[in-house]
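The sequence and coordinates come first.

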Amino acid sequence: MKGNTELRVRKAFFKHKLGIIGMIILILLYLMILFADFLAPYNYQSTKRDFTFSEPTKIHWRKDGEFIGPHVYGMTKSRDPVTFAVKYVKDEEKIYPIRIFVRGDTYKFWGLWETDIHLFGIGLQDDAVLYLFGGDRFGRDLFSRVLIGGRVSLTAGLIGTLIAVVIGAVVGAFSGYYGGWIDVVIQRLIEILRSFPRIPLWLALAMLLPPTWPSTTVYLGIVIVLSFIGWMGVARVIRGMVLSLREKEYILAAQVIGQSNFKIITKHLIPNTVTYLVVVSTLSIPGMILGESSISFLGLGIKEPMTSWGLLLKQAQSLSDIQAHPWLMIPGLFIILAVLSFNFVGDALRDALDPYRTVDKV
Amino acid sequence: MSIIQVEHLKSFFKTDEGIVKAVDDVSFELRENEILALVGESGCGKSVTAQTILGLLKSPPAMIEGSIKYHGQELVGLSNKAYHKLRGKEIGMIFQEPMSAFDPLYTVGDQAAEAVAVHSKLNKPEIRDKIIAMFNKVGIPEAENRYDEYPHQMSGGMLQRMLIALTLACDPKVLIADEPTTALDVTIQAQVLNLMRDLQNEFNTSIIFITHDLGVVAELSDRIHVMYAGKIVEKADVVELFDHPKHPYTKGLLASRLKREMKGQILPFIKGTVPRAFEFPEGCRFHPRCPHAMEICKQKDPDPVAFENGHVCSCWLYLKQNKTDGVESQ
């Protein structure tokens, strides 16, 4: 019988096309940030003064009509004598082929051992770069920065949601199980906190993080700020579920055998809400990702030289920047991609785990 | 020797519609090694009495007065912490719906082990052995395999036996059985009743058996207390009660049992229903349904009258008679 349920849930999930696509994209994204150092052709901090705001590098396959494999040309920077605008002129004599497993900037792979092998690239050249997404204000490779920035954005959402859901589940369960004045106090507190508009509260809390903190500590601080807001919605729903669960006879039975209230909550009440928790987690990760992005975008989150998608977008704040360097918007596409994928997966999970939809799903 | 002594117990609930007197001035005792049956229709306070004994009612809204003594220890007003030590270990309880008494997320064995682990210092394999031995004792086939199965894989009768097994595995002195056979079909009922009888003999447990089924009571119990609308109206040994019922309510209950001779006739029944708990009538609470209701019944609650063989009944019929006969009323 248990096997049937598993089968049904799996079937219902795999029926959801968008959910599958979202799942695949998410797996790719997380693999991407896992091997970001290796996938990125450059170190995300290395600057090239000659290539500030260089547009995405064009990859050529043929030379004079003859196929010679992917390659880029050397570039020389010059200024337009009339407008003084920066121009890059390609030097077709200098050919830099794109190779795999090339040596480039050194990095510590997963912080374990030092290496300089990158999946692809043209090596370190003075007069040529392989900037797939173009360069930023300091001549850093936007593609490499997007990969590294994804680490912050995608994990902040994950960890923030985890913390928020754990706090929400525990507080909600206590509130619902004990009832009485404990319930009243917790619920009124939640109402007060929730009546603050979300973004100003985030900003106010993010302001509390001292600017002198190292970037990893700031990152943790941001995660905590995000989860501080996120737990309340979970707590309210879990409270409601516990209110009905606590009347079940097996809770009474647990009391009758002398089980402690704490054990009843952690062992019987919260586990019975777990399908909801799974769904609410996947559905609230996008909110967290957006939250981190908005805080960083507004300049109160992750600080340079560390980076996140929101911080990368910060460069695209002014219209003139977007007009001159439209590739600075690319990090935004990644945010959209991640958020949509999580939403689709969340929808698919919700439909799959919903016991009341068994009839049309089997 | 009485193991539980309940005196003038009152469990009231404050609700928006008024005060619900679910249990009103109930006194009884549970003796060692006996099965005491609490009998009555739905909603007459049997289960609330049980829950009061186990301290399961939250106050507020519950207001509990009177005294419950377990081995001389006062339970009314006992702290939650002290109750945790008592529940399961000293007083166990089994439920009406075995299906819902198990958490669907854990295997039955795990839940039985949880019950034992709360009160004992045995390690996991020892607990497992103990549970499997108990499962065997209550007649569960392939107990070893059943240990690792989930509640939804069991039948109701099997779960009820497992519930009995896990309750008795904690070795309680008192077992409160709240309609343990109501949700089971008749053949399984008989099995479970026999099982309880056997286990009671083996473990020397005293049992408070709550039911509305007089047939079940006749088979199992030593003494019967009949409850109506939050009060005990009649107390007697099982044979005495069946042979000489005193209270009109008891008579009504006995008359409405199925008998073979009644084939083709309309079943006798007690007219009306148990009044709602916040609008119990004045005087004797049974008087609106009582065929012998008198003027005094509407005004005053009758005191208990003692007869021979420990038979006690609260009814004006006997109070008047006693007065005229000059027999002392209790």
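Which residue stands opposite Phe12(B) in S4(B)? The residue is Met63(B).

## Basis of the model

The model is predicted: local features need pLDDT of at least 70, side-chain atom pairs count only at pLDDT 80 or more, and totals for chains, interfaces and linings use all residues. Residues are numbered from 1 along each chain as its sequence is written, while chains are lettered from A and ligands numbered from 1 in the order in which they are written.

## Chain B overall

Chain B has eleven helices and twelve strands (DSSP runs numbered from the N terminus; helices are H or I with at least four residues, strands are E with at least two). The C-alpha trace of chain B spans about 70 × 50 × 40 Å along its principal axes. A compact globule of 330 residues would have a radius of gyration near 20 Å, and the 21 Å of chain B agrees with that (taken over C-alpha atoms; the globule rule is 2.2 Å times the number of residues to the power 0.38).

## The four-stranded sheet of chain B

In chain B, four strands form an open antiparallel sheet in the order S2-S1-S4-S5 (two strands pair if DSSP finds at least two bridges between them). Strands S2 (18-31) and S5 (73-74) of chain B are the edges, each pairing on one side only. Strand S1 (residues 2-15) of chain B is joined to strand S4 (residues 62-70) of chain B by eight bridges, and the two run antiparallel.

Helix H1 (residues 46-53) of chain B lies across S1, S2 and S4 of chain B, running at about 70 degrees to S2(B) (axes are lines fitted to C-alpha atoms, for helices over the stretch in contact, and angles run from 0 to 180 degrees between N-to-C directions).

## The eight-stranded sheet of chain B

A second open sheet in chain B has eight strands with mixed pairing, in the order S6-S7-S8-S3-S9-S10-S12-S11. S6 and strand S11 (304-306) of chain B each have a single partner strand, so one side of each is left without a neighbour in the sheet. On average, neighbouring strands of this sheet are turned by 20 degrees against each other, direction ignored.

Four bridges join S6(B) to strand S7 (residues 174-178) of chain B, and these strands run parallel. Met93(B) stands opposite Ile176(B) in S7(B).

## Helix packing in chain A

Helices H10 (residues 274-297) and H13 (residues 330-353) of chain A pack at about 170 degrees, with their axes 8 Å apart. H10(A) and H13(A) are therefore roughly antiparallel (angles under 35 degrees count as roughly parallel, over 145 as roughly antiparallel, 65 to 115 as roughly perpendicular and the rest as oblique).

Helices H2 (residues 17-34) and H4 (residues 142-178) of chain A pack at about 115 degrees, also with their axes 8 Å apart. That angle makes H2(A) roughly perpendicular to H4(A).

## Contact between the chains

The contact takes 24 residues from chain B and 16 residues from chain A (two residues are in contact if their C-beta atoms, placed from the backbone, lie within 7 Å). On the side of chain B that touches chain A, the elements giving two or more residues are helix H2 (80-86), strand S6 (91-94) and helix H3 (108-119) of chain B. H3(B) gives the largest share of that side, four residues.
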